[in-house]
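Welcome! Have a look at the sequence and the 3D view below, and keep both at hand while you read.

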Amino acid sequence: MNLKLRLEKLCDARAWVKLSFADGTALVGRLLRIGQDYVELETFGDSEKRYSSDYVSDYSRHLIPLGLIKLLTVESPAFAEYERRRLDYLSRLDSHDTPDLER
């Protein structure tokens, strides 16, 4: 199956994927959107670094040209940890948005 078609199906489900590149690096995140020649990936922390208490700096979005993607991993045991980080990040954002009187 074509890489772009596979990414489109995964994007519809907002699936977690690991995108590997030719230089040996990789990004793990949720697929948000796929364009004509790029993919948008939402990440919640770097697997190479320790999980820090600075949740805001762990979140990022990446626009990745399709030509850079060499390998796509759909299933990984680490995805559950990344989903936990995403939910933790979202709960932190919600707690910062509420006024002190409502807590």
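A residue is called buried when its relative accessible area is under 20%, exposed when that area is over 50%, and partly exposed in between, using a 1.4 Å probe and protein chains only. Please remember that this is a predicted model, in which local features need pLDDT of at least 70, side-chain atom pairs count only at pLDDT 80 or more, and totals for chains, interfaces and linings use all residues. Residues are numbered from 1 along each chain as its sequence is written, and side-chain values use heavy atoms, with hydrogens and water left out.

**The overall plan**

Let us begin with the whole chain. The protein chain has three helices and five strands; here helices (H or I, at least four residues) and strands (E, at least two) are DSSP runs, numbered from the N terminus. Along the sequence they follow the pattern α-β-β-β-α-β-β-α. Of the 103 residues, 33% count as buried. A contact means heavy atoms within 4.5 Å. Among contacts with a separation of 6 or more, 54% come from residues 24 or more positions apart.

**The sheet**

In what order do the five strands stand in the sheet? The order is β4-β3-β2-β1-β5, in an open sheet with antiparallel pairing. Strands β4 (59-65) and β5 (69-73) are at the edges with a single partner strand each, so one side of each has no neighbour in the sheet. On average, neighbouring strands are turned by 45 degrees against each other, direction ignored. Two strands pair if DSSP finds at least two bridges between them.

Five of the six residues of β1 are buried. On one side, β1 pairs with β2 (residues 26-34) over five antiparallel bridges. In this pairing W16 stands opposite R30, and S20 has A26 as its bridge partner. The hairpin of β1 and β2 has four residues between the strands, and G24 there takes a positive phi near 95 degrees. Strand β1 is also joined to β5, by four bridges in an antiparallel run, with L19 partnered by L72 of β5.

Helix α1 (residues 3-12) lies across β1, β2 and β5, and runs at about 80 degrees to β2. Such angles run from 0 to 180 degrees between N-to-C directions, and the axes are lines fitted to C-alpha atoms, for helices over the stretch in contact.

Now find K18, which is in strand β1 (residues 16-21). K18 counts as partly exposed because its relative accessibility is 32%. Leaving out residues up to four places away in sequence, K18 touches A26, L27, V28, L71, L72, T73 and F79. K18 and L72 are 54 residues apart in sequence, yet their C-alpha atoms are 5.8 Å apart in space.

**Salt bridges**

A salt bridge is a side-chain nitrogen of Lys or Arg within 4 Å of a carboxyl oxygen of Asp or Glu.

| Pair | N to O distance |
|---|---|
| E42 and R30 | 3.1 Å |
| R61 and E40 | 3.3 Å |
| R85 and E81 | 3.4 Å |

E40 is buried, with a relative accessible area of 7%.

R85 and E81 both lie in helix α3, four residues apart, which is about one turn of the helix. R85 counts as buried at 10% relative accessibility, whereas E81 is partly exposed at 30%. Salt bridges that share partners also join R33, E40 and R61 into one network.

**More about R33**

R33 is found in strand β2 and is partly exposed, with a relative accessible area of 43%. Not counting residues up to four places away in sequence, R33 touches C11, Y38, V39, E40 and L63.
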